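Look at the sequence and the structure, then read on.

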Amino acid sequence: MQVELNGRTIETAASTLAELMAEQQFDIRSVATALNGAFVPRSSYARQQLEAGCQVEVLSPMQGG
């Protein structure tokens, strides 16, 4: 299925957010994730189902001030 990941369309076999994160080799310990504009807690990744066309944003924290 196709999903939008950080603004670009990708093809994925993942059915959950956890599977997508593993497939795309994100270190889930060091990122924050939103699905269709809503924050998803790390503890929910395995239960969060993906649908074709959904929008996933994966953000890394930035340091500085």
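Q: Does Thr16 count as buried or exposed, and what makes it so?
A: The model is a predicted one. In it, Thr16 has a relative accessibility of 7%. Buried means under 20%, so Thr16 counts as buried.

Q: Where is Thr16, and which residues does Thr16 touch?
A: Thr16 lies in the loop between β2 and α1 (17-23). Leaving aside residues up to four places away in sequence, Thr16 touches Tyr45, Ala46, Gln48, Gln49 and Leu50. A contact here means heavy atoms within 4.5 Å.

Q: Which elements does the protein have, and in what order do they run?
A: There are 1 helix and 5 strands. Starting at the N terminus, the order of elements is β-β-α-β-β-β.

Q: What is the order of the strands in the sheet?
A: The 5 strands form an open sheet in the order β2-β1-β5-β3-β4, and the pairing is mixed.

Q: Why is one side of β2 and of β4 left without a neighbour in the sheet?
A: β2 (8-11) and β4 (38-40) each have a single partner strand and stand at the edges, so one side of each has no neighbour in the sheet. From one strand to the next, the twist averages 35°.

Q: How do you know that β1 pairs with β5 and with β2?
A: Two strands pair if at least two bridges are found between them. β1 (residues 2-5) and β5 (residues 55-59) have 2 bridges, in the parallel sense. β1 and β2 have 4 bridges, in the antiparallel sense. Both pairs therefore meet the cut-off of at least two bridges.

Q: Which residues stand opposite Glu4?
A: In β5, Gln55 stands opposite Glu4. In β2, Thr9 stands opposite Glu4.

Q: How does the radius of gyration of the protein agree with that of a compact globule?
A: For 65 residues, a compact globule would have a radius of gyration near 11 Å. The protein has 11 Å, so the value agrees with a compact globule. Along the principal axes, the C-alpha atoms fill a box of roughly 40 × 25 × 20 Å.

Key: Residues numbered from 1 in each chain as written. Predicted model: local features only at pLDDT ≥ 70, side-chain atom pairs only at ≥ 80, totals over all residues. Heavy atoms only, no water. Axes fitted to C-alpha atoms, helices over the stretch in contact; angles between N-to-C directions. Buried < 20%, exposed > 50% of the residue type's maximum accessible area, 1.4 Å probe, protein only. Rg over C-alpha atoms; globule rule 2.2 N^0.38 Å.
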